[in-house]
Amino acid sequence: GQRITASPRTVRRRVMLGAAVAALLAAALLAVRLAGTGWRRDATVHVEAAGTVIRGSDSRGRPTWEVPVESTVQNTIRVDLDGDGDDETVVSASDTLHDRTTAPMKSEVVVVNRRGEVVSRRHPEDVLPTWPFEFPKALVPFPQLLDLDGDNLPEVVLRCNQRGFYPAAIVVYWPQRQLWEPLKFHTGHLTDVATVPGSSPTRLQFLAVNNLLGGLPVVGEFVVGPPGVGNDLEEPAPSWLADAAPQRSELSWYTVLGE
């Protein structure tokens with residue numbers, strides 16, 4: 001048959017078309033590789049909590065995941081709890097006297113990692129084995145970060161005040177053990193807690209208002225037992241202490257500050 005020879009222009013077009021196809025394939029392969037290393041829409045770079053949702057978002061502000069909570073978010077803390085270089089988000093949620101139209105819901109504390117996985121979720125009310133006060137066990141938890149076991153990683157310490165009255169409790173979450181424990185009851189409103197630097201075993205100081213002493217400010221200190229030991233609030237309080245709740249944590253001292 002007759003042999004047909006392509007013109008130089010046709011050859012150039014074919015070469016350019018082949019090069020373009022190769023470039024597209026290379027770009028597609030690069031995109032797949034980058035997607036596998038985290039350069040993708042669902043790479044979470046920001047976590048926020050508001051209303052009744054904890055939400056992750058990417059670098060362009062697009063949502064990557066959502067975790068619902070049962071009541072209104074009150075406090076949010078970003079912190080590396082496990083020492084892996086990635087922050088977890090600790091969220092406390094509760095209803096308040098102002099937004100309550102029915103019986104109060106249990107409060108909630110949720111720990112979420114950057115991937116949107118729930119590391120831990122508890123109702124502080126459920127952590128307390130007893131509640132020796134006449135008022136309902138309806139708490140507003142306020143989280144603080146304190147190193148209670150000396151490993152240079154923080155534990156989550158909750159000051160849990162009763163919603164409308166004065167009883168309160170201190171609760172701790174030990175992240176390394178995934179353990180929640182009660183530490184102490186108090187008849188008054190807890191305003192702050194802090195560790196005593198360099199103490200071993202760890203001593204925890206608290207500032208409060210004592211309702212049984214006419215609303216006077218008080219400060220006290222107690223020894224925190226290791227995780228799972230001595231933190232179960234079973235023993236009665238000393239008779240001289242105007243703090244009638246049972247408590248096992250060893251009290252070091254308790255002082256009324258006066259008016």
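Start by selecting Trp131, Phe133 and Phe185, which form one aromatic cluster. Rings of Phe, Tyr and Trp (its six-membered ring) pair here if their centres lie within 6.5 Å; planes under 30 degrees apart count as stacked, over 60 as edge-to-face and the rest as tilted. Before moving on, note that this is a predicted model: local features need pLDDT of at least 70, side-chain atom pairs count only at pLDDT 80 or more, and totals for chains, interfaces and linings use all residues. Residues are numbered from 1 along each chain as its sequence is written, and side-chain values use heavy atoms, with hydrogens and water left out.

The whole structure holds 7 aromatic pairs. For one of them, pick Phe135 and Phe165: the ring centres are 4.1 Å apart and the planes sit at 10°, so this pair is stacked. Phe135 comes from the loop between H2 and strand E8 (139–146), while Phe165 is in the loop between E9 and E10, 30 residues apart. Helices (H or I, at least four residues) and strands (E, at least two) are DSSP runs, numbered from the N terminus. Phe135 is partly exposed at 23% relative accessible area, and Phe165 is partly exposed at 43%. The cut-offs are under 20% for buried, over 50% for exposed and partly exposed in between (1.4 Å probe, protein chains only).

Next, Phe206 and Phe222. Their centres are 6.0 Å apart with planes at 45°, so call this pair tilted. Phe206 belongs to strand E13 (residues 203–210) and Phe222 to strand E14 (residues 216–223), 16 residues apart. Phe206 and Phe222 are both buried.

**The cores**

Now colour the largest nonpolar core, a set of 19 residues in which Leu81, Val90, Leu128, Leu158, Val171 and Trp180 touch the most other members. Elements giving two or more residues to this core include strand E4 (73–79), strand E9 (155–162) and strand E11 (179–186). A second, separate core has 17 residues, among them Ile170, Val172, Ala208 and Tyr254. Core membership takes buried Ala, Val, Leu, Ile, Met, Phe, Trp, Tyr and Cys residues joined through side-chain atoms within 4.5 Å.

**Charged pairs**

There are 7 salt bridges in the whole structure (a side-chain nitrogen of Lys or Arg within 4 Å of a carboxyl oxygen of Asp or Glu). Zoom to Arg163 and Asp95, where the closest N and O atoms are 2.5 Å apart. Arg163 lies in the loop between E9 and E10 and Asp95 in the loop between strand E5 (88–93) and E6, so they tie together parts 68 residues apart in sequence. Are the two buried or exposed? Arg163 is buried at 9% relative accessibility, and Asp95 is buried at 8%.

Then try Arg55 and Glu66, a salt bridge at 2.8 Å, N to O. Arg55 is partly exposed at 30% and Glu66 is partly exposed at 47%.

**Last stop: a sheet**

Arg55 lies in strand E2 (residues 53–57) and Glu66 in strand E3 (residues 63–68), so show the open sheet of 3 strands, ordered E1-E2-E3 with antiparallel pairing. Strand E1 (46–50) and E3 are the edges, each with a single partner strand, so one side of each has no neighbour in the sheet. The twist averages 20° from one strand to the next. Strands pair if DSSP finds at least two bridges between them; E2 and E3 have 5. To finish, click Val53 and find Pro68, its bridge partner in E3.

How values were computed: Axes fitted to C-alpha atoms, helices over the stretch in contact; angles between N-to-C directions.
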